[in-house]
Amino acid sequence: MIRDRLCGLWRGGGRTLRLWLRLYWPVLVLMLLLGLCLMLRDAGTVTIAGFAVLAPLTRTIQDGPHSGVTTEATLEVMREERSPKYKVVLPGCPATPPGLLGRLKVVEKVSVSDVEARQRVVVRAGGRWWPEECEARWRLAVIVPYRDRQHQIGPFLNHMHPFLQRQQLNYSIYFVEQAGSDLFNRARLLNVGFLEAVKEGPWDCYAFHDVDMLPENDHHLYHCSPQPRHLAVATSINNYKDSAKLPYNTYFGGACLMAEAHLRRVNGWSNIYWGWGGEDDDMWRRIKFTDMRVWRYPPRVARYTMIRHRPQPVNELRYRLLKRNTGRYPRDGLSTLNYTVTTTRLPLYTHLLAHIGASTDPTGDIVH
Ligand code: NGS
């Protein structure tokens, strides 16, 4: 009886269904295919132009415009356009990079073109590099203030590129050159370098690094720290004495490392130190005054060769400027810096030619 009923239904309603199927079967087939594609994609396969190809994904794209369409070609584009928007998830790099060498030899004479011949294949234009095999733990902008030290650029790049690469950092090197012939203002150049690098970030931290300071041990990791870190603890110029044990233990010169938050908290470096000396001591005081602490690694790893050079004209006003610097810092630093800059991407570094204004006697402007 039930069979008769069903047959009746099929004969009556069946006509409409058959008609419907005849007209719309392509839509049904398409929907089935689409469902299949979605299932395969979620199961970790690669989809190319809507067709599922059974191949396991080695990398997963989390977001960005390429999400969902994961082809090798897309991955190539993403490697090129790498930014937080186009995130490729790799295994994180190990806390201790595996390829460290320990004690290093410093080569004091090498030309930029020699370094280019070696590093050009691996370093991207503007001095940009990141590890391919793992996700770097830290993104680091290296800011190098300089002028008239062309001969020191080769040794610096020759030493620092492999050093930072062995540490598996995602980094870029910026040289900030002071335009004109006024007294050198290291701190202004550091501010300029920071503000320009920020635009190309994000960076987790910033190494403010003299061109003549070369680390002698790659176990001295340029990883970010929760507090500002003084890097050049034991230098050849001071016979490798621990800065913390020098009578003058507030030494913050040569090279240091700070996060963006650290630098903003102290309003960057002071703009008013023209000539050699004092600007690093000023930064030390800003750090203390804003309740931060300077960290240092032990002198056995935090060792630096300082390449010798002609001394610069000294800033005769530096002690006067230092005397009352703490009350002044909110009105002297990143917030009050005026500059213009010309940017050139060179094979191994980004060159910033900075016009930072003329030196004036700053003591009249000191707000007590
Ligand atoms: C101090 C300077 C610092 C300088 C440090 C180390 O005397 O700027 O020497 O110099 N402070 C003042 O002059 C107030 S170094 O050993 O690198 O030649 O960084």
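This is a predicted model: local features need pLDDT of at least 70, side-chain atom pairs count only at pLDDT 80 or more; totals for chains, interfaces and linings use all residues.

Numbering runs from 1 along each chain as its sequence is written, and side-chain values use heavy atoms, leaving out hydrogens and water.

**Whole protein.** Of the 368 residues, 49% count as buried (under 20% relative accessible area with a 1.4 Å probe, protein chains only; exposed is over 50%, partly exposed in between). Among contacts (heavy atoms within 4.5 Å) with a separation of 6 or more, 78% link residues 24 or more positions apart.

**The core.** Now select Leu140, Phe156, Leu157, Leu164, Ile173, Phe175 and Tyr222: in the largest nonpolar core, which has 38 residues, these touch the most other members. (Such a core is a set of buried Ala, Val, Leu, Ile, Met, Phe, Trp, Tyr and Cys residues joined through side-chain atoms within 4.5 Å.) Elements giving it two or more residues include strand E6 (139-146), helix H4 (150-166) and strand E7 (170-178). H4 gives the most, with 6 residues. Zoom in on Leu164, and beyond four places in sequence you'll see it touching Leu140, Val142, Leu169, Tyr171, Ile173 and Tyr222. Apart from this core lies another, of 32 residues, among them Ile143, Ala187, Leu189 and Leu190.

**Helix H4.** Select 150-166 next. Since 13 of its 17 residues are buried, H4 is largely enclosed by the rest of the structure. Look along H4 for a kink of about 25°, centred on Phe156 (the bend at a residue is the angle between axes fitted to the seven residues ending there and the seven starting there).

**His161.** Last stop: which helix holds His161? It lies in H4, and it counts as buried because its relative accessibility is 0%. Show side chains and pick out the 2.6 Å polar contact between His161 and Tyr171 (N or O atoms within 3.5 Å, one able to donate a hydrogen and the other to accept it; residues adjacent in sequence count only if both atoms are side-chain atoms). Leaving aside neighbours within four places in sequence, His161 also contacts residues including Gln119, Val123, Gly127 and Leu348.

How values were computed: Helices (H or I, at least four residues) and strands (E, at least two) are DSSP runs, numbered from the N terminus.
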